[in-house]
Amino acid sequence: MTDQKPIDKTKAQNRKILFSCVFVVGAMVGLAYASVPLYKLFCQVTGFGGTTQVATEAPAEVSEKTIKVRFNADVNSGLNWQFKPEQREITVRLGEDNLAYYMAENMSVQPITGQAVYNVTPLKAGQYFNKIACFCFDEQTLEPGQRVDMPVSFYVDPAIAEDINTQDVKTITLSYTFFKAEASVEAADGNEDQGG
C-alpha cells in the first residue's frame, strides 16, 4: 500500500495556492470597481488634477488681496453647440463671492442634452477654487436654436495666499468642456440632424 501522507500534503498545498489566487483575483476586481469613486474622492479633497471644491457659501471675511480668474470654453466635436464665456477675465478679491456667465447655443435642429466637465489651472490652485453654484452640476438640454446664459458662482479661498506652494499663482483659469450627454434627446428615428 502506498503512503497517502505525501499526496494529502500536496493536495493541501494546492488548495492553499488556489484559495490564495482566488483571493488575489477577487481583491483586484474589487479594487478595480472601487478605484473610480476613490480617485474622485481623492481629487475632490486635495484639488488634484485641477479639481475644484464645492461650497455652499463664500466665507464671511474677504481679503484685500486679489487674483485674476480667466475663463475658457470648449465643445467636444460630438456636440453641435456654440459655447463661450461672456467675460474672458476678471480680477477678484480672495474670499469674495463672484458670478461669471457662459453662453451656450444649440446649433442643431434637434434638442440636445450636454454635460460640462471642468478643471482649473494651475492644478495646484484647484483646492482653493470653490464653486457655490454651477451649470456643470447638472445636464443641460437645449432646444434647437436655443441660447442660454449659464452662471457660475465661485470664490477663491484666501488660504491660497498663505500656501507656500501657490505663492507664484497670480492667475487661475477656469476651463469647461461640454460633451453630449449619454441620455441626450434625439430625433424619433434615432438619427440626429446636425444642421443649422
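1. Under the accessibility scale used here, buried means under 20% relative accessible area and exposed means over 50%, with partly exposed in between. Cys21 has a relative accessible area of 44%, so this cysteine is partly exposed. The model under review is a predicted one, and the accessibility classes quoted below should be read with that in mind.

2. The disulfide content comes next. The structure holds one disulfide, formed by Cys134 and Cys136 with their sulfur atoms 2.4 Å apart. In general terms, such a link is a covalent bond between the sulfur atoms of two cysteines. The cut-off for calling a disulfide is a sulfur separation within 2.5 Å, so the 2.4 Å pair of Cys134 and Cys136 qualifies. The link is right-handed, with 135 degrees about the S-S bond. Both Cys134 and Cys136 are buried, whereas Cys21 is partly exposed.

3. Salt bridges may be taken together. The count comes to three. As a general principle, side chains of opposite charge can pair when their charged atoms come close. The rule applied here asks for a side-chain nitrogen of Lys or Arg within 4 Å of a carboxyl oxygen of Asp or Glu. The pair of Lys68 and Glu89, at 3.9 Å from N to O, therefore meets the 4 Å limit.

4. Lys68 and Glu89 join distant parts of the chain: Lys68 belongs to strand S2 (residues 66–75) and Glu89 to strand S4 (residues 89–93), and the two are 21 residues apart. Lys68 counts as partly exposed at 36% relative accessibility, and Glu89 counts as partly exposed at 35%.

5. Glu89 also forms a salt bridge with Arg70, at 2.7 Å from N to O. Because Glu89 lies in strand S4 and Arg70 in strand S2, this pair ties together parts that are 19 residues apart in sequence. Arg70 counts as partly exposed, at 40% relative accessibility. Lys68, Arg70 and Glu89 are thus linked in a network of salt bridges.

6. The remaining salt bridge joins Asp168 and Lys124, whose closest N and O atoms are 2.9 Å apart. Asp168 lies in the loop between S9 and strand S10 (171–180), and Lys124 in the loop between strand S6 (112–121) and strand S7 (129–134), so the pair ties together parts that are 44 residues apart in sequence. Asp168 is exposed, with a relative accessible area of 53%, while Lys124 is partly exposed at 35%.

7. Ser153 has its place in strand S9 (residues 147–156). With a relative accessible area of 11%, under the 20% limit, Ser153 is buried. Leaving aside neighbours within four places in sequence, Ser153 is in contact with Asp97, Asn98, Leu99, Asn130, Lys131, Ile132 and Ala133.

8. Lys65, Thr66, Ile67, Leu94, Ile160, Ala161, Thr166, Gln167, Val169 and Lys170 form its lining. By class, the lining of this pocket comprises five nonpolar, three polar and two charged residues.

Conventions. Residues are numbered from 1 along each chain as its sequence is written. This is a predicted model: local features need pLDDT of at least 70, side-chain atom pairs count only at pLDDT 80 or more; totals for chains, interfaces and linings use all residues. Side-chain values use heavy atoms; hydrogens and water are left out. On a 1 Å grid over the protein atoms alone, a cavity is a set of points where a 1.4 Å probe fits but cannot get out, and a pocket is an open set with protein on both sides within 12 Å along at least five of seven lines; lining residues have an atom within 4 Å of a point. Ala, Val, Leu, Ile, Met, Phe, Trp, Tyr, Cys and Pro count as nonpolar, Asp, Glu, Lys and Arg as charged, and the others, Gly among them, as polar. Buried means under 20% relative accessible area, exposed over 50%, partly exposed in between (1.4 Å probe, protein chains only). Helices (H or I, at least four residues) and strands (E, at least two) are DSSP runs, numbered from the N terminus. Contact means heavy atoms within 4.5 Å.
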